[in-house]
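Me: I've got a fold open on my screen and I'd like to talk it through with you. Can we take it a question at a time?

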Amino acid sequence: MRLLNFSLAVCTIVAILFSGAHASAKNPFKGLLSSSKESKEPKKADNLPEQLYEMTLDENLNALKTGKQADKIRDYQKKQALAFKKKGYKTEVMRNGEIVIISIPATDLFVASDSAMIRLADQRLSPFVKLMESPDFYRTILVMNSDNTGSDNYKLSLTKVRVQAVMNWFDAHGANTDYVVPYAVGDKNPITDNNSISHRALNRRLEVYLVPGTAMIDAAKKNNLRL
């Protein structure tokens with residue numbers, strides 16, 4: 001089981017809005033944060049999963065280029081998004097359809113204002129376990145969001161312990177989490193205002209980014225990319 005670092009003293013998250021809606025954040029969970037804020041290509045090395053934890057959200061979403069396989073991957077991801085939508089998930093795509101984003105309300109996963117998971121969480125998270133079977137087929141990015149209730153430290157802490165709980169759930173259910181990267185962003189990435197109970201509920205959510213990995217790109221090259 002991966003142990004994540006929750007020390008607020010040494011792990012500060014930086015979040016800004018990008019592409020109108022999505023946050024770019026330093027990852028506080030694995031190792032110390034890099035002192036550089038500039039995006040950089042990850043080094044090709046055996047410890048790639050460890051390197052993913054040192055990258056910002058923006059960097060992880062844009063690290064791999066699909067090149068000539070882009071059309072095949074977009075078609076595959078379109079089918080993947082549709083499959084999740086049919087199961088009742090809120091889905092969208094980014095990077096011209098190459099990345100699928102699946103949003104799960106926090107109320108489907110957690111007790112209110114807590115990281116304790118409810119029974120419905122099993123149903124909502126189970127479909128992702130199979131997607132993690134093949135190493136680096138997907139780079140699964142978990143982004144936990146809160147509403148604006150409480151202090152900045154409280155909101156960041158809550159999203160940290162909640163995304164940790166999701167990671168623990170995947171570990172406990174046999175998922176291969178080597179290429180699963182968690183981010184906690186507090187209330188830095190709202191999708192609506194926080195002026196009502198219903199709007200705050202929308203902002204409290206887990207976003208799961210299904211990012212094509214090297215195994216998906218290789219499968220596309222061999223015409224073996226089938227849902």
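Predicted model: local features only at pLDDT ≥ 70, side-chain atom pairs only at ≥ 80, totals over all residues.

Me: What share of the contacts with a separation of 6 or more comes from residues 24 or more positions apart?
Reply: For background, the protein has 227 residues, and buried ones make up 49% of them. As for those contacts, the share from residues 24 or more positions apart is 72%.

Me: Is S146 buried or exposed?
Reply: S146 sits in the loop between β5 (138–145) and α5 (152–172). Its relative accessibility is 6%, and the cut-off for buried is under 20%. So S146 counts as buried.

Me: Which elements do the buried residues of α4 pack against?
Reply: Helix α4 covers residues 120–131, and its buried residues are A121, R124, L125, P127, F128, V129 and L131. An α-helix has 3.6 residues a turn, so residues three or four places apart point the same way. The buried residues of α4 pack against α3 (70–86), β4 (99–105), β5, α5 and β7 (205–212).

Me: What about α7, which elements do its buried residues pack against?
Reply: In α7, residues 214–221, the buried residues are A215, M216, I217, A219 and A220. Just after the helix, N223 takes a positive phi of about 55°. The buried residues of α7 themselves pack against α3, β5 and β7.

Me: Is S113 buried or exposed?
Reply: S113 is in the loop between β4 and α4. Its relative accessible area is 56%, and exposed means over 50%. That's why S113 is exposed.

Me: How far apart in space are S115 and L158, C-alpha to C-alpha?
Reply: S115 also lies in the loop between β4 and α4, and at 25% relative accessibility it counts as partly exposed. Not counting residues up to four places away, S115 touches F110, V161, R162 and A165. S115 and L158 are 43 residues apart in sequence, and their C-alpha separation is 7.3 Å.

Me: What separates the C-alpha atoms of E54 and V181?
Reply: E54 is in the loop between α1 (48–52) and α2 (57–62). With 47% relative accessibility, E54 counts as partly exposed. E54 and V181 are 127 residues apart along the chain, yet their C-alpha atoms are separated by 9.8 Å.

Me: What is phi of R95 near?
Reply: R95 is in the loop between β3 (90–94) and β4, and at 19% relative accessibility it counts as buried. R95 isn't a glycine, but its phi is positive, near 50°.

Me: And what is the phi of D136?
Reply: D136 is in the loop between α4 and β5. With a relative accessible area of 4%, D136 is buried. D136 is not a glycine either, and it has a positive phi of about 60°.

Me: What volume does the largest cavity have?
Reply: Searching the whole structure turns up 3 cavities of 30 Å³ or more. The largest one has a volume of about 50 Å³.

Me: How do the residues lining the largest cavity divide?
Reply: The lining is made of L131, M132, S134, P135, D136, Y138, T140, N176, D178, Y179 and V180. D136, with its positive phi, is one of these lining residues. By type, the lining divides into 6 nonpolar, 3 polar and 2 charged.

Key:
Residues numbered from 1 in each chain as written. Heavy atoms only, no water. Helix = DSSP H or I, 4+ residues; strand = E, 2+ residues; numbered from the N terminus. Buried < 20%, exposed > 50% of the residue type's maximum accessible area, 1.4 Å probe, protein only. Contact = heavy atoms within 4.5 Å. 1 Å grid on protein atoms, 1.4 Å probe; cavity = no way out; pocket = protein on both sides within 12 Å on 5 of 7 lines; lining within 4 Å. Points joined across faces, edges and corners; volume = space filled by probe spheres on them. Nonpolar A, V, L, I, M, F, W, Y, C, P; charged D, E, K, R; others polar.
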